[in-house]
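Reader: Hi! Could you walk me through this structure, starting with the salt bridges and who takes part in them?
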Amino acid sequence: MATLREQFATNVLTVTKFRELMRRMRATRPNDDLGLIRKAYEYSQKHHAGQTRASGEPYLVHPLEVALVLSEMKMDPVAIVAGLLHDSVEDTSVTIVDIRKEFGEEVAHIVEGVTKISAIDFASREEQQAENLRKMVLAMVDDIRVVLIKLADRLHNMRTLEHLPIERQQKIAQETLDIYAPIAHRLGMGKIRGELEDLGFKYVDPIGYEQVHQAVEARRKAGEEFLARVEIIVRDKLQEAGITAKVESRIKRIYSIHKKLQRQRISVEQVYDLYAMRIVTQSLQDCYAVLGIIHNLWRPVPGRIKDFIAMPRPNLYQSLHTSVISEEGQAFEVQIRTDEMHKMAEEGIAAHWKYKDGPVSARDEQRLSWLRQVVEWQRDVSDPTEFLSTLKIDLFPEEVYTFTPKGKVVVLPRDSTPIDFAYSVHTEVGHTCVGAKVNGRMVPLRFKLHSGDIVEILTQPGHKPSRDWLSVVRSSRARNKIKHWLNLHQRERAIEIGRKLIEKEARKYRVTLKAINDEDLQKIASDYGLGRPDDLMAGIGYGKYSARSVLARLAPSSNAPISDADAENVGGIASVVRRVFGGDHDNHAIRVKGQGDLLVYRARCCNPIRGEEVVGYVTRGKGVAVHAQTCPNVVNLMYEPERRIDVEWARDDSIPSSYPVKLTVSCDDRFGMLKQITAVISDSKTNIRNVEARTGSGQASIDIVLDIADLKHLENIISGVRKIPGVHDVQRLQKV
């Protein structure tokens with residue numbers, strides 16, 4: 001009886017959701033034939049029969065919820081049908097051929113695209129991750145509905161994430177914050193982006209989420225009362241001025257507050273836009289009229305007025321933003337936009353979806369132009385780490401708006417320099433850039449540009465890019481163009497050095513190189529796993545391979561010693577390098593995969609600790625520098641992929657090791673805070689090397705240097721300190 005009752009409840013649930021879907025579709029698409037949606041629902045019902053989700057709900061609920069999210073976006077019936085069928089190929093016996101036969105080519109094409117993206121494991125090895133991301137980018141350019149369905153799919157999965165194991169929760173939440181929320185941002189879909197970020201933050205950093213949540217909730221009642229009073233004042237003033245507008249207020253989203261607290265190292269009380277009001281007008285002229293009314297009512301905060309109507313963001317977001325201070329001293333933000341702009345801000349590319357009515361609009365084409373740029377530059381990027389880091393910069397930029405002397409707007413990431421500006425104009429302008437004028441005065445190339453700057457680039461024929469530029473540029477275009485040029489020219493130099501080293505060794509052991517032909521070189525290159533002789537010479541030039549060992553393979557009859565003598569020589573150098581660059585235990589704790597006793601040391605710029613993902617970089621004369629995968633210098637160093645080498649932590653846990661790690665704790669300045677922090681550290685049996693504290697405005701910043709055994713040890717300490725009431729953030733600093 002219970003089973004029949006459960007089955008009846010299940011049928012009622014799914015039928016109710018389907019009816020809601022059809023009701024929405026009739027309201028938004030009254031002229032469309034919705035018969036195919038009913039057919040897709042019945043087809044999905046049949047093939048997902050008996051399947052349940054981790055929550056215990058029937059699986060059919062998921063495709064229905066995805067379709068409901070798509071209907072909120074006012075998507076066309078083809079997208080809704082594809083949403084209902086999006087898991088059929090992956091989770092049932094249905095094939096793409098079956099979908100094509102039942103629902104046509106267009107639906108099958110979209111379902112196939114979603115299925116490919118669903119197979120992506122963003123936490124997998126870098127090469128696989130980069131390749132799958134390339135597929136996603138190409139799928140977006142091919143048919144943006146593929147990614148809109150994937151966003152709807154991810155949103156419902158995030159809403160029901162509590163039913164999965166903790167490890168899966170954190171992995172899915174992290175990729176949501178890294179990839180899916182930024183894609184929603186780039187497509188202008190503010191509503192979905194906001195919910196994805198808050199849900200992701202809740203699982204990635206539950207302690208941080210709870211701290212911000214509690215701080216917001218403690219202020220919610222007073223904030224809502226304050227905003228209600230402000231709304232009445234604004235409505236009365238708008239009525240007096242004869243302006244018709246919708247007025248609504250909100251409290252800033254939790255993840256947005258968290259990012260601002262982290263970035264600016266401030267407390268919740270200092271967030272200017274914690275409380276925000278949105279005024280949606282009927283015309284563009286009314287937007288600017290309302291701005292004037294607001295500034296007459298309350299004093300504006302200098303530097304907080306932003307006109308995104310005159311200069312839209314790259315994702316075509318438009319609005320006027322201003323922060324003002326009330327008579328009570330309470331700061332709040334006001335956003336002013338038209339109804340059309342509001343739809344675009346909330347729904348983005350889905351706001352004017354007209355697949356049935358005609359081609360994609362010019363504005364939507366403009367919105368997708370960044371995708372096409374990504375497709376263009378990714379063809380030149382072979383290194384997976386480089387591809388991933390650059391894509392993340394491109395997905396979620398914080399922009400500055402600059403101008404050419406002729407008034408053309410150039411949008412760049414925050415903290416961009418004149419070099420970024422030069423490369424945005426043209427590659428050759430970037431390569432030959434020697435100086436810049438900003439607002440009529442000369443500035444260094446490291447100068448950080450600000451919105452409104454007028455930039456003039458000075459060039460010199462024959463000038464070449466510098467490797468130092470990689471540490472100051474912020475835009476992916478500039479970084480990739482510089483790396484491409486350096487890689488090309490450094491490789492040529494490495495090949496030349498490699499040949500000279502081989503010739504030098506040949507003269508030393510009286511070997512005639514003329515007798516060695518290209519076939520011999522090709523064979524040795526293949527033995528080293530390389531494609532061409534030039535790759536072998538470049539490897540010698542970079543210091544990755546020994547010229548003496550290569551010569552011994554090329555001319556076995558030579559007297560070049562490669563066994564005991566070489567081993568003794570390398571061993572002697574190794575002991576010196578170990579003494580100079582980090583001690584004996586480093587060389588034993590880290591090793592090069594598949595290689596012998598190569599010289600290895602931890603890079604001082606990031607001080608990686610056992611358990612961290614690490615990457616090796618072949619240096620000239622110092623051995624292999626080992627960096628943490630997250631080290632900012634890794635992106636700059638790896639413009640020469642030939643010098644990258646795989647390294648790993650030795651599995652021998654008996655090797656005693658501890659590493660100095662510096663933490664910065666941002667917290668309230670109150671009695672007993674330092675005692676509580678040191679108690680947590682002491683309880684974990686951790687040695688404290690040094691403590692420094694700075695205070696001001698009721699806040700404190702404490703720098704602590706600790707002896708840390710491995711990554712897990714560090715994570716436990718950070719987690720423990722963050723649980724202390726009044727601690728806002730704990731950051732690990734790379735340099736000690």
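Predicted model: local features only at pLDDT ≥ 70, side-chain atom pairs only at ≥ 80, totals over all residues.

Reader: Great. Is Glu-240 buried or exposed?
Author: Glu-240 counts as exposed, at 63% relative accessibility.

Reader: And what does Glu-240 pair with?
Author: Glu-240 forms a salt bridge with Lys-237, and their closest N and O atoms are 3.9 Å apart. The term means a side-chain nitrogen of Lys or Arg within 4 Å of a carboxyl oxygen of Asp or Glu. Lys-237 is partly exposed, with a relative accessible area of 33%.

Reader: Where do Lys-237 and Glu-240 lie?
Author: Both are in helix H12 (residues 206-241), three residues apart, which is about one turn of the helix. Helices (H or I, at least four residues) and strands (E, at least two) are DSSP runs, numbered from the N terminus.

Reader: Nice. What about Lys-246, which residue does it meet in a salt bridge?
Author: Lys-246 meets Asp-339, with 3.5 Å between the closest N and O atoms. Lys-246 sits in strand E1 (residues 245-251) and Asp-339 in helix H15 (residues 339-347), so this pair ties together parts that are 93 residues apart in sequence. Lys-246 is partly exposed at 49% relative accessible area, and Asp-339 is also partly exposed, at 31%.

Reader: Now Asp-535: buried or exposed?
Author: Asp-535 is buried, with a relative accessible area of 18%. Its side chain meets that of Arg-532 in a salt bridge (4.0 Å, N to O), and Arg-532 is partly exposed at 47% relative accessibility.

Reader: Which residues are linked in a network of salt bridges?
Author: Glu-20, Arg-23, Arg-24 and Glu-72 are linked that way.

Reader: How many salt bridges does the structure hold?
Author: The structure holds 30.

Reader: Switching topic, how many helices and strands are there in the chain?
Author: The chain has 28 helices and 21 strands. Of its 736 residues, 51% count as buried.

Reader: Last one: what share of the contacts comes from residues 24 or more positions apart?
Author: They account for 67% of the chain's contacts with a separation of 6 or more, where contact means heavy atoms within 4.5 Å.

Notes: Residues numbered from 1 in each chain as written. Heavy atoms only, no water. Buried < 20%, exposed > 50% of the residue type's maximum accessible area, 1.4 Å probe, protein only.
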